[in-house]
Amino acid sequence: MKKLQKALLAVFAVFFVSAAVGLPAHANTYSDAEAAAETFYTAAQEFSTDMNSAASSDDTAAVNRALASFQSAAATAKSEFTNVANKAKDATAKSDLQDLASAADKMSVSAGQMAAAIESEDNAALTTAYQDFTNAANAYDDAATAYTNYVAKHPEQTGNMQLMFYLGLFILSCVLLVGSILFVVLVGRKHKNAELKSQRGGLIIAALVMTGGAAWTYFSCRAAFSSTSGKYDIVYGPIIFGFILFVLGVVNYVKGYNKAKKEGKLSETAAPVKIPEIKDGVTVAKKPTEPTSKKPIIK
């Protein structure tokens, strides 16, 4: 019994430590890329507005300020996209992120060419640079759309803490369920005590209830990433109720085990039910003992 408790504690410890270390780091990586993308998008919008305004007024200083701000945002975005791409394990995600980094770099280069053309008043060069900038921006939009679709199909890659929490509950409940089944199978062969057998069955029922609630919540939340509404169900009732039942079941089983062990009844089964024998329509004892009266037994 002590070995089993230590094994379960070791499994839970490994799961929670790995979750505590891995999930926040994964979430931070995605969040950095997402923040860089939002900053870059805002910078691109401001750059387009400032460039149009500066070009019409021939304000070279304004052009240079707009260019410096945009190229700084582009460099940050490229760095973040490249960083996330290097850590991505999936080839599709890696490719989409590399495309984002490449498009951001090309937009930065063509923005510099636009600024130089405005300063030199070279309309032909400005037209070419503007077309290059537009092509790079379209490539960036295509890569962003592709990566967004990828995340919708693989929401775990976002490191979303709510989704990861529900995934953790689902995994934990599955571990409890599988552990309960193995416990019943392995221990049931050795300890045939009727009361303990019933309590072991209760552990499986409790784990099933918890697993059902956790599965519904996790898959509902996962599906919300690809839906337009983004709504999902949180089935707390079965999760909490099942967990409480499981904990109480473990506590009661330990108490029952210790009691049966102390009384030497671990292998004791329920007493067989004695079925009376019926002869000629009259119920009699199958193997009668010494009669309590001197009257003959009716047959």
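1. A residue counts as buried when its relative accessible area is under 20%. Ala 88 has a relative accessible area of 16%, so it is buried. The residue sits in the loop between H2 and H3. Leaving aside neighbours within four places in sequence, Ala 88 is in contact with Ala 93, Lys 94 and Leu 97. Please keep in mind throughout that this is a predicted model.

2. Overall make-up. The protein has seven helices and two strands. From the N terminus on, the order is α-α-α-α-α-α-α-β-β. Of the 299 residues, 31% are buried. Among contacts with a separation of 6 or more, 71% are between residues 24 or more positions apart.

3. Helix H3 covers residues 91-120. Just after H3, Glu 121 takes a positive phi of about 55 degrees.

4. Ser 110 also belongs to H3. Its relative accessibility is 3%, so Ser 110 counts as buried. Not counting residues up to four places away in sequence, Ser 110 touches Ala 129, Asp 132 and Phe 133. Phe 133 turns up again as one of the members of an aromatic cluster.

5. Aromatic pairs. A search of the whole structure finds twelve. One of them joins Phe 81 and Tyr 140. The centres are 6.3 Å apart and the planes make 45 degrees, a tilted pair. Phe 81 lies in helix H2 (residues 60-87) and Tyr 140 in helix H4 (residues 123-153), so the pair ties together parts that are 59 residues apart in sequence.

6. Another aromatic pair is formed by Tyr 218 and Phe 219. This one is edge-to-face, at 4.9 Å centre to centre and 65 degrees between the planes.

7. Phe 40, Phe 47, Phe 70, Phe 81, Phe 133 and Tyr 140 form one aromatic cluster. The tilted pair of Phe 81 and Tyr 140 therefore belongs to this group.

8. Helix packing. Two packed helices are described by the angle between their axes and the distance between the axes. For H5 (residues 161-188) and H7 (residues 236-263), the angle is about 35 degrees and the axes are 12 Å apart. The crossing of H5 and H7 is left-handed. On the H5 side, the contact is made by Tyr 166, Leu 169, Leu 176, Ser 180, Phe 183 and Val 187. On the H7 side, Tyr 236, Ile 239, Phe 246 and Tyr 253 take part. By class, that gives nine nonpolar, one polar and no charged residues.

9. Helix H7 in itself. At 1.5 Å a residue, its 28 residues should span 40 Å, and its end C-alpha atoms are 40 Å apart, which agrees. Which residues of H7 are buried? They are Ile 239, Gly 242, Phe 246, Gly 249, Tyr 253, Gly 256, Tyr 257 and Ala 260. These buried residues pack against H5 and helix H6 (194-224). Just after H7, Gly 264 takes a positive phi of about 70 degrees.

10. Lys 261 is also placed in H7. Is Lys 261 buried or exposed? At 53% relative accessibility, Lys 261 counts as exposed. The C-alpha atoms of Lys 261 and His 191 are separated by 9.9 Å, while the two residues are 70 apart along the chain.

11. Met 164 is placed in helix H5. With a relative accessible area of 6%, Met 164 is buried. The C-alpha atoms of Met 164 and Cys 221 are separated by 10.0 Å, and these residues are 57 apart along the chain.

Definitions and conventions
Residues numbered from 1 in each chain as written. Predicted model: local features only at pLDDT ≥ 70, side-chain atom pairs only at ≥ 80, totals over all residues. Heavy atoms only, no water. Axes fitted to C-alpha atoms, helices over the stretch in contact; angles between N-to-C directions. Helix = DSSP H or I, 4+ residues; strand = E, 2+ residues; numbered from the N terminus. Left-handed = near helix turned anticlockwise from the far one by under 90°. Contact = heavy atoms within 4.5 Å. Nonpolar A, V, L, I, M, F, W, Y, C, P; charged D, E, K, R; others polar. Expected span 1.5 Å × (residues − 1). Phe/Tyr/Trp six-rings, centres within 6.5 Å; stacked < 30°, edge-to-face > 60°. Buried < 20%, exposed > 50% of the residue type's maximum accessible area, 1.4 Å probe, protein only.
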